[in-house]
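Please read the following report with the sequence and the model side by side.

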Amino acid sequence: MRRTRFARTRPFIALVAVAGLAACGGNGSDSSDPGTVGGEITYSYWGSPARAEKVNKVIAQYQSGNQGVKVASEVADYNAYIERMTVRAAGGGLPCVIGTQSTFMAPYAKKNVLLPLDDLIESKAIDVSKIPEEVLKAGQIDDKQYMIPTGTFVRLVAYNADLVKESGAPAPTNDLTWAAYADWLKQVQKGLPQGKYAGEIEAGNMFSFTSWVIGHSQQMFKDKELGFDKQLMVDWFTYWLDLQEAGATVPPSMLPDQRLSLEQTPLAKGVAASATRDIPHLYITEKALAGNKLGTSVKAVSMPVDGAIPSANVLGSNGMSIPKDCENQATAASFINFFANDQQAALTFQSDNGILTNTANQDALLADAQTPDGVKQNVTIFRDLTTRRDLATSTYPDGLSTLTAELTRLYEQVAFGKVTPQAATDAFFNKAAQALR
Amino acid sequence: MATDTIQRPRARRTTPSPRARRRAGSRNNLAGLMFMTPWLLGFVFIVGGPVLASLYLSFTDYSLLGSPEWIGWDNYVLMFTTDDRFFASLKVTVTYLLVSVPLVQVFALALATILNRGVRGLPIYRTVYYIPSLIGGSVAIAILWRFVFAGDGLLNGILGVVGVDTSTSWIGEPDSALYTLVILNVWQFGAAMIIYLAGLRQVPNELYEAATIDGAGTMRRFWSITLPMLSPVILFNVLMNMVGAFQAFNSAYIISNGTGGPADSTLFYTLYLYQRGFVDFDMGYASALGWFLLVVVGLAALALFRLSRRFVFYAEES
C-alpha cells in the first residue's frame, strides 16, 4: 500500500511536538488557591545532610498538623545554593520558601525578587512577637521586612582555652581594644612551641573587618558607597601585617587552610590559639579539637572596640523569605510561621542554622534534656550578649559578595608582599565603586 | 502491398528515472533529518541558542537579577584597559599551558616508546597509567591533591623521611602553587600515552630495519623515523592538550577554594570568568571573557595547524 506524504512525515511531526511540549513544561509545584493554606510548596535551603535530616523532621511535624499540605525540600551546600538561587531568580523559578541570610539578601530585595512580608506580619499570618527588635532588623531592607530571621550568628574572638593556658598568657577579656588584642596575641605567641601560632590572620575576613570599622565608630556603608575612611583600611592591613611579621599569626601560606571546612582550620587543628568565629561554630570547633585530643574548651570574648560605641559584635541572621512570584503565599507564610515559632519544631531543629531567634523557644531549648550541651552553650552566650546589649548591626548591600572576595584576595597580595596596604586599599575602593552602584 | 512493421517492445529502463531518483533522494533526506532531529534540537536549544545569547550579553551590562542593558563595546574596552586581573589570569593560563602541555607529551611519548618494546604485562601497565586520566579531573582528586601538597601533607612527610625537613605549604605559596596544578595535569598523561602507543604500532618496521642496516643508532632512528612518522599523532595530542589547558578549571577551583589564590597565582582564565559571572554576578563581562577565550583558542589552533605544515609528515602525501 502506498504511504501518503502525511503518513511519512507523521513520526517526524510527533517527535517535534513531544520535544516542544517537554520544553514548555512548567513548575508543577508551589500552587494552590493563593488565599488559603493548602497545596504544595517547596522549601529550598543550604546545609549538610545532618541539617537536612532535622529539616525533614520539622516538615513532617508541620504536615501532620496541616492536612492536605505537602512541603518538598531541596538542600545544597552554601556556595552552590547561592549560585543556584540567583540563576533560578533570573529565570523566575524560585520555590515558595527560600533560605536567605542578611549578608546576601539585599540584591534580591532591591531587584523585587522577594516579597515584603509586612502585610503577612500585620495580619498575624507570621507572628514575630517573640523575635527581638534588633534581630528582626537584620531581615529588613529600607525598613521593609524581607526575611523572617530564624537563626542568628554573632562574630566573636574565639580561643582554645587549653592552648592559651599552656602559653602562660591570661585569658582575654570582654573589654579589649585592638591594641590590647595585638599585645595579647604577641604574649600568647611567646609561650607557644614552634609550629603553633597565637592567631589566624583575620585581615581578609569581611566580618572581622566590619567589627574593626564599627569598633572605630565608623560605618561600613553609606548609601551606595563605602562609609569609612581609606586610612582605616590601610591601618587594618598594616595591623595584621605587623602581627604576621612578628610571628604572632599563622604564616600567609596557611591562608588557604583558613577557608577550608571548620574542622580543617588552624584553630580546629590546634595550630592557632585564637581566631574569630560565629557563635554556632564554637561548639563545632571544640568537638574537632576534642576529637583530635588537642583541647577541650573553646571560649569566646567580645570583638575589640576602640571607639566610643558599646559593641562591635556584629549580628547577622539566617532566615526564610518568600519570592514575589510565589503562587501559594498563604502556605509559605504558614510554614515560615511554624518553623520560626513552633516549640516542637524548635526542639527538633536544635538551632542548627544559627541561634534560634524566638526567645520562648530559646528557653525551651535550654530546658530540654535532649538538647546537646554545645547548643545550650551557644544559646547561653547569645543570651548573655543580648542581656548586656553587647551587639551591633551593619547593613549588607548589593555587591557585598564581590567585596568580600576582593578583601580576601587583596590581603593575600599584601601578605605575600605583592602590593602595599595603600595600594590594596585603593584597589578595594575602586572595586567598591563598581560593585556598589 | 502493405507491410506490417514489427513493433519491438519498448526496452525496459535499467536506470531509475530522474523523477524516481528525486523521490528516493528526498525519502533518504527525510529519514536522515528524522534521525538528526534530537541532536538538532539539542544543538539549537542547549548549545547554539545560548552561544548566540552570550554573544549578545557580552555587549550588555547584565547582573542576572535585572534586564540586560546595552553598553556596546564597554566590556571589551574594560578588559583590555583597566582590568589587571584579566591579564594576570591570561599569564597564569599561558604559563600553565607552556609548562604542562610539553611535559605531558614528553612523559606520554617516553612511556609509550618503552611499552612499545613488547614488555610483559603490557595491558596491566597500560591500565595503570591510564587510570589517572580517568580520575585526575575529578573533585575528589583535587581535594586529595590539596592534602598531598599542604604544609603537613604527604609530600612533606615523604621529604621528611628522606631527610628534607620542610613545612612549606606548596599550595599555600604563590611561587609553587601553580606548579602543583601542573603536576596534577602531567600525572594524567595516560590518555596521550595510549594514543602514542597506537601511533607507534603503525610505524612500519621496514623503516627501522632499513635504518639499522644503514648504521643508524637508537637516537637517530627515533629522531628520523619515529618522530616524523608520529608527527600527526603529536599534533593531535598537542592540540587536545592545549585546548584542555585553556579550559582548565576544576583543579584550580578546588585547590584554591574558588579564589585563584594564593595571591592570584592559580587564577586560571576560566576561574576568573567564573568569578566575574557567579561571584560578582557580572554576566555581561563574563560573556565577553568567554568570547575572548573562544577567539584565543581559535587563533592558537590556527597557529598550530599553520606550524604543522612545516613539521607534520603525512605518509600518504609522500
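## Terms and a buried strand

A residue is called buried if 20 or more other C-beta atoms lie within 10 Å of its own, exposed if 12 or fewer do, and partly exposed in between, with C-beta atoms placed from the backbone. Helices (H or I, at least four residues) and strands (E, at least two) are DSSP runs numbered from the N terminus. This is a predicted model, in which local features need pLDDT of at least 70 and side-chain atom pairs count only at pLDDT 80 or more, while totals for chains, interfaces and linings use all residues. Residues are numbered from 1 along each chain as its sequence is written, and chains are lettered from A and ligands numbered from 1 in the order in which they are written.

Strand 3 of chain A, residues 97-101, is mostly covered, with 5 of its 5 residues buried. In a regular strand the side chains alternate between the two faces of the sheet. On one side of strand 3 of chain A lie A:Val97, A:Gly99 and A:Gln101, on the other A:Ile98 and A:Thr100, and all of these are buried.

## Partners of the strand

Two strands count as paired if DSSP finds at least two bridges between them. Strand 1 of chain A (residues 39-46) pairs with strand 3 of chain A in the parallel sense over 2 bridges, and A:Tyr43 has A:Val97 as its bridge partner in strand 3 of chain A. Strand 12 of chain A (residues 315-321) pairs with strand 3 of chain A in the antiparallel sense over 4 bridges, and here A:Gly99 has A:Met320 as its bridge partner.

## Nonpolar cores

A nonpolar core is a set of buried Ala, Val, Leu, Ile, Met, Phe, Trp, Tyr and Cys residues joined through C-beta atoms within 7 Å. The largest has 126 residues, and those with the most contacts inside it are A:Val97, A:Ala158, A:Phe237, A:Ala332, A:Phe335 and A:Ile336. This core draws at least three residues from each of domain 1 and domain 2 of chain A. A second, separate core of 51 residues includes B:Tyr179, B:Tyr196, B:Ala252 and B:Ala288.

Contact between two residues requires their C-beta atoms, placed from the backbone, to lie within 7 Å. Not counting residues up to four places away in sequence, A:Phe237 touches A:Ala203, A:Tyr411, A:Val414, A:Pro421, A:Ala424 and A:Thr425.

## Domains of chain A

Domain bounds come from an automatic or database domain assignment. Chain A is divided into domain 1 (39-152 + 317-384) and domain 2 (154-314 + 393-435). The contact between them takes 17 residues from domain 1 of chain A and 13 residues from domain 2 of chain A. On the side of domain 1 of chain A that touches domain 2 of chain A, helix 4 (106-110), helix 6 (133-137) and helix 16 (373-388) of chain A each supply at least two residues, and the largest share, 5 residues, comes from helix 16 of chain A.

Chain B has 13 helices and 2 strands, and its domain assignment gives domain 1 (24-49) and domain 2 (82-311). The centres of domain 1 of chain B and domain 2 of chain B, taken over C-alpha atoms, are 36 Å apart. Buried residues make up 29% of the 318 residues in chain B.

The contact between the chains takes 26 residues from chain B and 31 residues from chain A. Helix 1 (18-57) and helix 12 (269-278) of chain B each supply at least two residues of the side of chain B that touches chain A, and helix 1 of chain B gives the most, with 5 residues.
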